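My notebook is open, and I am going through this model element by element. Here is what I looked up, in the order I looked.

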Amino acid sequence: MPEMNIIQAVNDCLRVEMRRDSRVVVLGEDVGRFGGVFRATVGLQEEFGPDRCIDTPLAENGIVGCAIGMALYGLRPVAEIQFADYVYPAYDQIVNELAKMRYRSGGEYQAPVVIRMPAGGGIKGGHYHSQSPETIFIHTPGLKVVYPSNPADTKGLLAAAIRGDDPVIFMEPKRHYRTARGEVPAGEYVVPIGKAAVLHEAAGRSARSVTILAWGAMVHTALDAVEKGTGQGYDIELIDLRTLLPFDIETIVASVKKTGRVIVVHEAPRTCGFGAELAASIQERALLHLEAPILRVTGFDTPFPYALEMEYLPNRERILDAIERVTNG
Amino acid sequence: MATSKVRSGQSQAESVEAFSDLDEACATGLRQILDENGLALAAVPTLSAEELVRMYEGMLRGRLLDEHMLTMQGQGRVGLYLDARGQEAGVIAAAHALAPDDYFVPALREASAALYRGLPFRTFLAQMLGNANDPAHGRQAPGQVGSRASRHVIGSASVASQMPHATGLAWAARMRGEHTVVVGFVGDGGTSEDDFQSGLNFAAVFKAPVVFVCQNNQWAISTPLSHQTAARSIAIKGLAFGVPSFRVDGNDVLALYAVIKDAVDRARSGRGPSFIEAVTYRLGAHGPSDDPSRYRDPAEAAAWQRKDPLIRFGIWLHAEKILTADAQAATRQRIDDEIRAAIASEEAVGPPPTSSLFDDVLAEPSWLIGEQQAEYLRVRKRQSSQ
């Protein structure tokens, strides 16, 4: 099985899916001749031509709006938004158009568009190259939202997104584009949307057991904390959510019932962040299984800073602090 | 206008010729065939008597439906409805210029085009009333009709958002080597939106076979054209994108048909997009909460009443002995009777099934919606058993 980083996994997936299905087209700023600012689409224009790997004008609303039109015609567009921070000009197209096409037409029209976007901080990009806007899309009926953390899941989930009939917001942890490496199945590979992965299992319930929920780049930060915390005698279950909408409530609740404690880790600001929804959903189903309040380790309710970004981002120490608090450690 | 040979994906800077005096004249003048008195000033496009009558009936049906819907809205029988009185010429000219497989992408007031292109009248009314016969289960406000079979895309009220969709549809057709053409509508207010720019710009760069028609009805609710743009015309904006652009009398169905049909033919033969400004007038209010007397000079509206596209076309059809005034009156009566009968029958149909509230959100239903539906059904069952 070949080893890849996340960028290579995206590229491999797009190539496989474009070979498999002539309806799949890639469009975005600088994706063609240049191969994308992160090189995710390198070589696709050479292989599939300028009509299937399309360099567009600089207009996110136009990219998404035209992708919707292509999908209405029967194509399977994969649009790239260069950075998640630039998705806002396309917000109306995503929320009012893409996500509503099937419902408002009673299924007469559908728009299976995948919108890829590098997200998250830690690359010295400042406010406009670092945000994690997943929550605004999770709050939008009619979308699926996927946010993998590793190369194999990136390839498999992106393939599932392209093959499915629903519009998908596909967020990629750009901080780990090249640092997260792993074995990725060659050729066609699909990971179903809607399933979380348990990356580290807890032994069972004890005074020191806890579940950590994370996604994207935060999975790697949480893995750090798991390693350190395990060494300190904590019994930690780490769940990589992978799909945020619809999130895998069964896996989450099973883990909560097992460990009795929950910490949600995300980069986005805390207030009304996805951690809030997870906490609400967990207490609705497992309140009496909880030994302690659900804690959130998140970005702050500030704009994303440049010089102090590593202070803003959740890190191992903040997660360990939450583990101590939740276990009265 | 000499457009460049830019192919998608290529970024070589190829020069686009400066637009000529003729291009500018087309975009700032006013193309007219029928004058305000119904006299033909120029060559009439090749249309059979049967086609002309059909176009007249299409416009008239739109007008009469509007009148019924507005009455019913006033009586609380229909919700938020936006009418097209005074603007029927552009809608029907475009609908008539398209082939059956072409797509029509509407703005807010083009519902009668769907009817003209094959949407069954009963389905149309079911949508207007939001009843159980509406295939979209009454999810949209009245007027946002459509179907795949009629190639009328079911639109939204988000202004100009449909422009890039029209471009994308047309672009996809070109990529697939099919000869489908798309007509996309927008209003004068919509030309201030970013999506207007992206729709035109992407269409021009990728030579998408799309024809944009702007219904310049002079008013975006209370905002006059002078506050919408400082450009000399709306059509001239198209030239800046490298798109052949034309300013046409929007109440002259023959001129509109001639210009739109040319544009559709150009698009179908691979010569890219066009942009057409139809200079017309919103005879009524924007919508139910609007009161034009607070911002519009009544003399202005009265002057436009005299330019009514239906009256003008009717005079010409009578003079040409294609459809006499008596025949027009009989047609009006027949269509009105049809509408009344259909309304009576559709109003007797109940609302959509409550279960449809939860359908069609996603192709693959999510547990989240399933759980909310179960909760809703449990409470509803309890309610009904009390």
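**Entry 1: a helix and its cover**

I began with helix 8 of chain A and listed its buried residues: Met218(A), Val219(A), Thr221(A), Ala222(A), Ala225(A), Val226(A) and Gly229(A). I call a residue buried when 20 or more other C-beta atoms lie within 10 Å of its own, exposed when there are 12 or fewer, and partly exposed in between, with C-beta atoms placed from the backbone. Helices are DSSP runs of H or I with at least four residues, strands are runs of E with at least two, and both are numbered from the N terminus.

Seen down the axis of helix 8 of chain A, the buried residues fall within an arc of 150°, so they line one face of the helix. The arc is taken over the directions from the helix axis to the C-beta atoms. On the face turned away from the buried side of helix 8 of chain A I found the exposed residues Glu227(A) and Gly231(A).

A note on the model itself: it is predicted, so local features need pLDDT of at least 70 and side-chain atom pairs count only at pLDDT 80 or more, while totals for chains, interfaces and linings use all residues. Residues are numbered from 1 along each chain as its sequence is written, and chains are lettered from A and ligands numbered from 1 in the order in which they are written.

Next I checked the length. The 14 residues of helix 8 of chain A (residues 218-231) should span 20 Å at 1.5 Å a residue, and the end C-alpha atoms are 20 Å apart, which agrees. The expected span is 1.5 Å times one less than the number of residues.

What covers the buried residues of helix 8 of chain A? The cover includes strand 9 (197-200), strand 10 (209-214), strand 11 (235-240), strand 13 (262-269) and helix 12 (316-326) of chain A. Contact here has C-beta atoms, placed from the backbone, within 7 Å of each other.

**Entry 2**

I then followed strand 13 of chain A. Seven of its eight residues are buried, so the strand is largely enclosed by the rest of the structure. It pairs in the parallel sense with strand 10 of chain A over three bridges; I count two strands as paired if DSSP finds at least two bridges between them. In this strand, Ile263(A) is the bridge partner of Ile212(A). Strand 13 of chain A also pairs in the parallel sense with strand 14 (residues 295-299) of chain A, over five bridges. Val265(A) stands opposite Val297(A) of strand 14 of chain A.

**Entry 2: domains**

Chain A divides into domain 1 (3-183) and domain 2 (197-326), with bounds from an automatic or database domain assignment. Their C-alpha centres lie 27 Å apart. The contact takes 26 residues from domain 1 of chain A and 22 residues from domain 2 of chain A. On the domain 1 side, the elements giving two or more residues are helix 6 (134-138), strand 6 (144-146), helix 7 (151-163) and strand 7 (168-173) of chain A.

For chain B I wrote down domain 1 (21-289 + 298-352) and domain 2 (356-386). The C-alpha centres of these two domains of chain B lie 38 Å apart.

**Entry 3: where the chains meet**

I found 45 residues of chain A in contact with 42 residues of chain B. Which helix of chain A gives the most to the side that touches chain B? Helix 3 of chain A does, with ten residues.

A cis peptide bond joins Leu245(A) and Pro246(A), with omega about -5°. I placed Pro246(A) in the loop between strand 12 (243-245) and helix 9 (249-259) of chain A.

Asp30(A) is not a glycine, yet has a positive phi of about 65°. Is Asp30(A) buried or partly exposed? With 17 C-beta neighbours inside 10 Å, Asp30(A) counts as partly exposed.

In chain B, Lys207(B) has a positive phi near 50°. Lys207(B) lies in the loop between helix 7 (194-205) and strand 3 (210-216) of chain B. I have Lys207(B) down as buried, with 21 other C-beta atoms within 10 Å.

How values were computed. Two residues are in contact if their C-beta atoms, placed from the backbone, lie within 7 Å.
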